[in-house]
Amino acid sequence: MMIGFRAAFPAVAVAMAVAPVAAEEEAGAPHMLNEPTAGWNVHGAGQTHKARKDAAVQGGSAMRVTIPAKPANPWDIGASVPIKGGIAKGDRLILALWVRLAEGGADGPADLGAAIQQSSPPYAPIVSGRIAITGEWKLVHIKGIAAEAHPAGRANVALTLGDAARTIDLGPAFVMKAD
C-alpha cells in the first residue's frame, strides 16, 4: 500500500524512491520532478569529491565532499543535481535529501543552504532554506510554493557547502510536487 502525501514526509520520500511509478498513479501522491540520485555535480576551488558506496544510506551510494579550508564565501563551494520536470506557478514543492557530516565543521554552522533554483543566471531561488546536518544520515527537507513557472529542465537543486572546513556525505535528492 502506498502512503499518501498527508502522511509523515520521510515515509513519503522513502516510498517515492522505491516505487515512483506506483506513486504517480495514486491520486494525491507527490509527483517526482527529478530522478533521485547521489550523482551530485560539485564545484568550487579547494574541495575534493568522490562517489562512494555506503550501505547506510538509501540507494547505497553517496558523494563525499571534503572542504579542507573554509572559503571566503559559503557559495564558493556547492553541489547541484538537475530537475527534469517543469514547475508551474503555485506548485507546492518539496526538496528532500539524505545528508550527513562525516567530519569537521567546528568553524561554521551545523547546517547547509539548500534551494530549488533556476539552473541558469540569475540562479534565482524558487524554494530555499537551511537544512541541519549531523554525524548520522538524516533525510532532511525544505518546502515552499513556486511564485513563477519554470519550464522543464530549467531548474536544479543547489546546496551551499562552503560554510566551514568539513567533510560532507550527500545521498540521493528527491524533488516532488504535491498535487
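Predicted model: local features only at pLDDT ≥ 70, side-chain atom pairs only at ≥ 80, totals over all residues.
## How to read the model

Local features here need pLDDT of at least 70 and side-chain atom pairs count only at pLDDT 80 or more, while totals for chains, interfaces and linings use all residues. Residues are numbered from 1 along each chain as its sequence is written, and side-chain values use heavy atoms, with hydrogens and water left out.

## Salt bridges around Asp 169

Let's start with charged partners. The whole structure holds 10 salt bridges (a side-chain nitrogen of Lys or Arg within 4 Å of a carboxyl oxygen of Asp or Glu). Arg 100 and Asp 169 form one of them, with their closest N and O atoms 2.8 Å apart. Arg 100 lies in strand 6 and Asp 169 in strand 11, so this pair ties together parts 69 residues apart in sequence (strands are DSSP runs of E, at least two residues, numbered from the N terminus).

Asp 169 also meets Arg 52, at 3.4 Å from N to O. Asp 169 is buried, with a relative accessible area of 0%, whereas Arg 52 is partly exposed at 26% (buried means under 20% relative accessible area, exposed over 50%, partly exposed in between, with a 1.4 Å probe and protein chains only). A network of salt bridges links Arg 52, Asp 54, Arg 64, Arg 100 and Asp 169.

## A second pair

Now for another pair: Arg 166 forms a salt bridge with Asp 163, their closest N and O atoms being 3.5 Å apart. Arg 166 is buried at 2% relative accessibility, and Asp 163 is buried at 8%.

Terms used
Helix = DSSP H or I, 4+ residues; strand = E, 2+ residues; numbered from the N terminus.
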